[in-house]
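Subject: Structure handover

Hello,

Here is the structure you asked about. My notes follow below it.

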Amino acid sequence: MIHLDGSFGEGGGQILRTALGLSLVTGKSFSIEKIRAGRERPGLLRQHLAAVLAAAEIGAAEVDGAYAGSIQLSFKPSGIKPGKYHFAVGTAGSGTLVLQTILPALMTASAPSHVTIEGGTHNQAAPPFDFLEKTFLPQIERMGPKIQVRLERYGFYPAGGGRFEVEIEPCGMLLPFELAERGHTSKPKVNAIVANLARKIAQREVDAVAVLLNCGMEQLRITETKNSPGPGNVIMIEVASAALVEVFTSFGRMGVSAEKVAADVAAQVSAYLASDAAVCEHLADQLLLPMAMAGGGAFTTAEISSHARTNMDVIGRFLPVSFEVSEGRGAARIEIIGNRK
């Protein structure tokens with residue numbers, strides 16, 4: 001039994017999600033206390049509980065402490081069961097984070113799986129569906145699995161109610177790779193989405209980004225949709241390079257002007273382009289676990305967040321790997337060193 005302190009490091013839900021994913025992969029049981037102690041509302045929220053229950057179903061696990069508000073949990077898996085699954089968060093909590101919890105197990109399972117997830121697809125403090133589809137999963141496919149995702153319905157905070165489908169063709173062993181340089185970068189592509197809201201909000205956002213990033217009309221797009229249970233707004237900027245596509249986002253919210261929302265995402269893009277890093281802060285954090293499973297690999301990122309450092313510590317409790325970090329001007333390099341088993 002591996003014992004984890006949920007208040008360690010950044011003290012968020014990533015500690016729990018990483019532990020769940022690696023518990024399924026390795027078959028090692030774990031217990032965790034002080035869950036999300038570093039957050040304003042500690043304990044299991046609905047999206048964390050959904051991740052626990054999803055992992056328990058896939059791993060035929062014995063679980064103690066799986067209820068809303070719980071600050072401690074024990075998890076004992078008994079084997080991965082690939083197949084057809086449907087998971088519902090029940091709120092606007094992130095469905096993409098639920099997928100990232102169970103994906104490590106299903107992408108190395110003995111047979112394909114089909115997963116349907118309902119909940120939030122586009123909300124703050126979680127990777128939006130577009131990031132999953134265009135940034136994260138293409139890098140996972142470089143390791144061997146084949147994963148197709150399809151957005152069926154948007155789910156914005158606070159209404160939620162989004163839905164997406166996932167087809168997973170697993171591989172026996174993940175292959176390590178390096179992502180040290182991004183190479184030639186194309187002009188950014190801007191897309192402002194408004195769900196059940198006025199088009200003028202999106203227009204103000206793309207107009208502001210066009211000025212801040214010196215974009216031409218061919219780089220700007222507005223998407224209007226009613227395929228969402230509630231209202232929502234997000235502006236996304238794709239930065240395609242020879243190595244990957246990064247997706248940067250900023251969400252519209254009450255009391256914040258469209259121009260401020262646009263300035264937030266433009267600043268993210270500018271900082272990324274000004275660095276020598278191949279991957280952004282968020283992708284850096286999410287590559288750690290699959291690369292550790294592969295037993296090797298390396299990438300560069302602008303800076304190493306406390307989120308990533310916490311994740312490294314948890315991964316090291318389950319897998320025989322170490323992380324070699326070298327920080328320099330313009331980029332930091334993380335190399336995963338270990339024995340594949």
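N196 sits in the loop between β10 (189–195) and α5 (199–213). Helices here are DSSP runs of H or I with at least four residues, strands are runs of E with at least two, and both are numbered from the N terminus. The phi angle of N196 is near 55°, a positive value in a residue other than glycine. N196 is partly exposed, at 32% relative accessible area. The cut-offs: buried is under 20% relative accessible area, exposed is over 50%, and partly exposed is in between (1.4 Å probe, protein chains only).

N214 also has a phi near 55°, again positive in a residue other than glycine. Its loop runs between α5 and β11 (220–225). N214 counts as exposed because its relative accessible area is 69%.

A word on the source. This is a predicted model, in which local features need pLDDT of at least 70 and side-chain atom pairs count only at pLDDT 80 or more, while totals for chains, interfaces and linings use all residues. Residues are numbered from 1 along each chain as its sequence is written, and side-chain values use heavy atoms, with hydrogens and water left out.

Next, H122. This histidine is found in the loop between β6 (113–119) and α4 (129–141). Is H122 buried or exposed? Its relative accessibility is 1%, so H122 counts as buried. Which side chains make polar contacts with the side chain of H122? One is that of T121, at 2.8 Å. Another is that of D130, at 2.6 Å. A polar contact is a pair of N or O atoms within 3.5 Å; within protein, one must be able to donate a hydrogen and the other to accept it, and residues adjacent in sequence count only if both atoms are side-chain atoms. Leaving out residues up to four places away in sequence, H122 touches P128, F129, D130, L151, Y154, G155, F156, Y157, V234 and F251. Contact means heavy atoms within 4.5 Å.

The bond from Y157 to P158 has omega near 5°. P158 lies in the loop between β7 (146–153) and β8 (162–169).

S275 is in the loop between α6 (258–274) and α7 (281–294). S275 counts as buried because its relative accessibility is 9%. A polar atom of the S275 side chain lies 2.8 Å from the backbone oxygen of Y272. S275 also touches R182, A302 and G330, with residues up to four places away in sequence not counted.

Now the whole chain. It has eight helices and 16 strands. The C-alpha atoms fill a box of roughly 55 × 45 × 35 Å along the principal axes.

Of the 341 residues, 55% count as buried. Among contacts with a separation of 6 or more, 72% come from residues 24 or more positions apart. The chain exposes about 14,400 Å², and carbon and sulfur atoms supply 50% of that. These areas come from the Shrake-Rupley method with a 1.4 Å probe; for residues, only the protein chains shown count as cover.

Best wishes
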